[in-house]
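Visitor: I would like to learn how to read the features of a model such as this one, with the cut-offs stated as we go. Could we begin from the structure itself?

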Amino acid sequence: MISERTLPLLSAIAVLLILYGYGSFAYNGFFGLRLAGYLLTDNAFIIVTAVGMAFVILSGGIDLSVGSMIAFICALMAFLVVKLNLHPLWAILISVLVGTCFGTIMGTIIAVFKIQPFIVTLAGMFMFRGLGYVINTQQVKIDHPFMTTLSDFGVYIGQGELNFVAMVMLVLLAVGVIVSKYTRFGHNVYAIGGDSNSAALLGVNITGTTIRVYALSGFYASVAGILFAVATGSAYPEVGIAVELDAISAVVLGGTLLTGGVGYVFGAFIGGMTFGVIQQLINFDGSLNAASTRIVIGVLLLAFILMQKVILIWARKVTAKPV
Amino acid sequence: MNMNVATAVDEAPPLLSIQNLSKGFAGVRALDDVSFSIRKGEIHALLGENGAGKSTFIKVLTGVYSRDAGQILFEGEAFHANNSGHAQSLGVSTVYQEVNLIPTMTVTENLTLLNQPRRFGLISPRKAEQRAREMLERVGLNIDPSEQLDHFSIAVQQLIAIARALGTKAKLLILDEPTASLDADEVSRLFELMTELKAQGISIIFVTHFLDQVYRISDRITVLRNGQYVDTYNTAELPQSELIRAMVGKSLDELSKDTGAESRAVQDTLFAIDQYGKQRCLEPVDLTVARGEIVGLAGMLGSGRTELCNLIFGVDSVDSGEMTLAGQSQSIRSPKQAIDAGMAYCPEDRKVDGIVAELSVRENMILALQAKRGWLRPIPMAEQKAMVEEMIDRLSIKTPNMNKPIGELSGGNQQKVILARWLLTHPQLLLLDEPTRGIDVGAHHDIIEIMNELCEQGMSLLVASSELEELVVFAHRVAIMKDRRKVKELTGSEISQQSIVAAIAQ
């Protein structure tokens with residue numbers, strides 16, 4: 001069970017538990033379903049974005065466009081519902097389709113013309129941000145009874161509320177985990193992230209897999225945008241700035257190697273929750289300001305990357321079998 | 001004669017029949033009208049020196065390259081693979097020298113990739129592992145398939161790669177240099193497996209440069225040279241010296257030395273190495289080069305020629321032995337030290353190690369001299385131009401002007417520019433690895449002329465080459481390498497193609 005493969009994820013879980021345990025010990029009201037439910041909701045859209053990002057990173061790529069994608073999808077939702085008077089269900093469907101299409105286009109450019117994903121998605125990042133401003137430059141309230149129904153929907157488990165946003169996140173997380181582990185597409189993603197030359201010689205369709213990876217990331221980012229719109233009931237163009245970096249950090253904190261091929265999609269959830277717990281610790285403390293969150297996350301990220309290197313070196317030494 | 005024998009036995013239709021296969025790259029014929037066939041259940045060695053066309057052949061066969069002309073019949077039907085995956089589904093699987101599996105995935109995931117057993121549309125890990133175990137059993141491996149691939153040695157990974165290749169109803173297995181990174185025991189294990197597969201009716205194309213292994217395992221041998229088909233032989237009927245001749249010799253008539261390259265008495269030794277070697281790379285070698293002498297390094301591909309050059313120049317570090325140059329003991333650990341000591345090296349692969357294609361002829365030429373002076377002391381432009389001008393003239397390099405990017409020159413002229421680069425540093429010892437590979441006949445001649453001229457002027461040269469007829473012409477002494485060892489040294493009138501071949505075949 002504990003091996004070179006699982007150790008980064010296990011240590012990510014350990015870090016999360018330690019932080020949570022510390023909070024429960026130090027502060028009243030930290031431990032319990034109420035905060036757990038809140039954490040799930042509050043970090044849902046980071047986690048959803050990070051699940052898509054996990055696929056991209058596992059395939060050896062990067063997607064910088066997701067933060068802008070969230071802003072663009074929010075703006076699009078507002079436009080469709082408020083200006084065009086579409087039912088939110090239709091707006092959601094159209095937004096997800098548009099987001100997935102943009103992801104597909106970026107993936108196609110990356111795969112067919114063999115351009116670095118960093119540059120292509122950086123271009124996407126600027127474009128989607130700009131497109132968001134084109135649709136509306138100010139904050140818009142998305143007023144529709146259906147949107148309110150969605151955001152109010154939830155089941156109580158004890159004191160904790162599992163609301164619509166958290167449910168969608170958990171479902172999409174489960175889908176992501178299953179796709180990565182139990183489908184050929186998922187295995188192909190690991191293969192091209194592990195060694196794309198070998199993968200090609202083994203017969204993996206590199207182009208098709210790459211396109212689908214970015215399409216999937218576009219899909220997850222657009223769902224994150226919709227969750228944001230539902231949760232806040234509004235859209236403004238500055239939404240989601242630097243969320244791509246938060247998502248990448250969540251993936252890395254969840255034990256996935258930035259070089260691709262190694263890690264678990266489930267780690268995105270752990271990483272995202274770690275973010276949330278740190279934030280709550282700082283909130284509960286009260287004496288620290290918001291900047292401390294960033295500092296702690298920065299330190300944790302560094303520690304994690306160093307730890308992965310150490311594990312790798314250790315694993316090479318210990319587990320190399322002279323069969 | 002051999003062909004007659006072959007056709008007489010060849011009653012059953014062959015499994016694979018290659019007819020007039022050709023493939024060119026930018027005007028160079030990498031495969032030129034090649035025809036031969038592979039029988040069912042035979043181990044067929046495919047041999048040839050570097051650039052003979054072996055890997056091009058494999059890539060054309062498996063659809064990695066498209067063919068220019070020719071036909072391939074597999075089980076009597078036209079065979080056209082679009083890529084290696086397609087070739088595999090048609091029954092032709094390839095295992096390359098570098099294991100082409102995914103190091104970060106488990107053995108099971110590697111073995112079942114693209115072909116995972118599924119239940120209700122999702123991969124069943126249990127069934128996948130079961131299938132992986134069956135595949136491993138076929139190659140006699142008893143390992144835990146849930147472990148990550150890179151936890152296993154290269155030899156085991158190689159067997160896993162073969163297991164994967166066999167897994168999908170392979171009828172023809174191509175093994176490209178499978179033994180290059182294996183030790184003797186691992187090779188034996190691989191050979192047992194090959195014999196077993198042969199008994200099951202699987203045909204194997206075995207590409208290697210280890211001739212003794214060819215004799216140990218193969219039934220027939222096909223030799224390619226310069227992209228052309230030489231012949232197919234029954235292994236048992238072919239003496240090793242004949243085989244070597246088929247691989248390297250352009251003509252079989254005895255070419256004796258006709259130049260005045262008599263052995264110079266080794267009275268003035270410039271360069272000597274004593275027990276120079278490195279584990280798993282080169283067995284300790286003794287060698288001397290006198291002032292104004294050309295010493296040839298002969299041997300087949302993989303014999304240790306290039307390794308020796310790399311060790312002398314500090315590209316690789318030795319772990320035993322001593323070197324003296326011009327009376328001083330040297331400890332060379334890097335090319336920079338070698339250059340400072342007065343050596344220069346034109347490596348084998350010009351395109352990879354030698355030229356900087358985008359830079360001009362002038363820039364390429366002054367590179368080594370500038371590096372030797374240090375980058376803080378630029379050579380004045382006027383001085384550069386004068387030096388380059390002189391070299392272009394002296395080596396008759398054909399270029400419209402010195403500012404042309406070197407990549408646009410012909411191979412022969414590129415080689416001359418590289419030679420000029422090192423001559424500008426005024427080395428005492430010049431190392432050349434395959435100086436005439438891939439260049440046209442005229443340039444060939446020029447380069448040999450230049451080498452002779454240099455040694456007249458008192459420079460010492462150490463030249464590694466697989467072109468025996470050339471070595472015979474210019475070398476004063478020839479050291480013969482085999483299996484990463486120096487096996488013999490020939491001097492003066494002893495040097496002939498025949499004697500070199502005999503020494504290699506021993």
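Visitor: How many residue pairs are in polar contact between chain A and chain B?

Guide: A polar contact is a pair of N or O atoms within 3.5 Å, where within protein one must be able to donate a hydrogen and the other to accept it, and residues adjacent in sequence count only if both atoms are side-chain atoms. Between chain A and chain B the count is 7 residue pairs, both at pLDDT 80 or more. The model is predicted, so local features need pLDDT of at least 70 and side-chain atom pairs count only at pLDDT 80 or more, while totals for chains, interfaces and linings use all residues. Residues are numbered from 1 along each chain as its sequence is written, chains are lettered from A and ligands numbered from 1 in the order in which they are written, and side-chain values use heavy atoms, with hydrogens and water left out.

Visitor: Which elements of chain A supply the side that touches chain B?

Guide: Helices (H or I, at least four residues) and strands (E, at least two) are DSSP runs, numbered from the N terminus. In chain A, α8 (164-182), α9 (184-194), α10 (196-202) and α14 (291-319) each supply at least two residues of that side, and α9(A) gives the most, with 6 residues.

Visitor: How many salt bridges does the rule find across the interface?

Guide: A salt bridge is a side-chain nitrogen of Lys or Arg within 4 Å of a carboxyl oxygen of Asp or Glu. Across this interface the rule finds 1, and A:Arg5 forms a salt bridge with B:Glu109, with the closest N and O atoms 3.4 Å apart.

Visitor: What area is buried between chain A and chain B?

Guide: Buried area is the accessible area (1.4 Å probe) that two parts lose on being put together, summed over both. Here the value is about 2600 Å², of which carbon and sulfur atoms give 56%. A:Arg5, A:Arg184 and A:Leu202 supply 29% of the area that chain A buries against chain B, more than any other three residues. In terms of contact (heavy atoms within 4.5 Å), the interface takes 27 residues from chain A and 32 residues from chain B.

Visitor: Which residues of helix α18 of chain B are buried?

Guide: Buried means under 20% relative accessible area, exposed over 50%, and partly exposed in between (1.4 Å probe, protein chains only). In α18 (residues 497-505) of chain B, the buried residues include B:Ile500, B:Val501 and B:Ile504. The buried residues of α18(B) pack against elements of chain B, among them α17 (468-474) and β22 (485-491).
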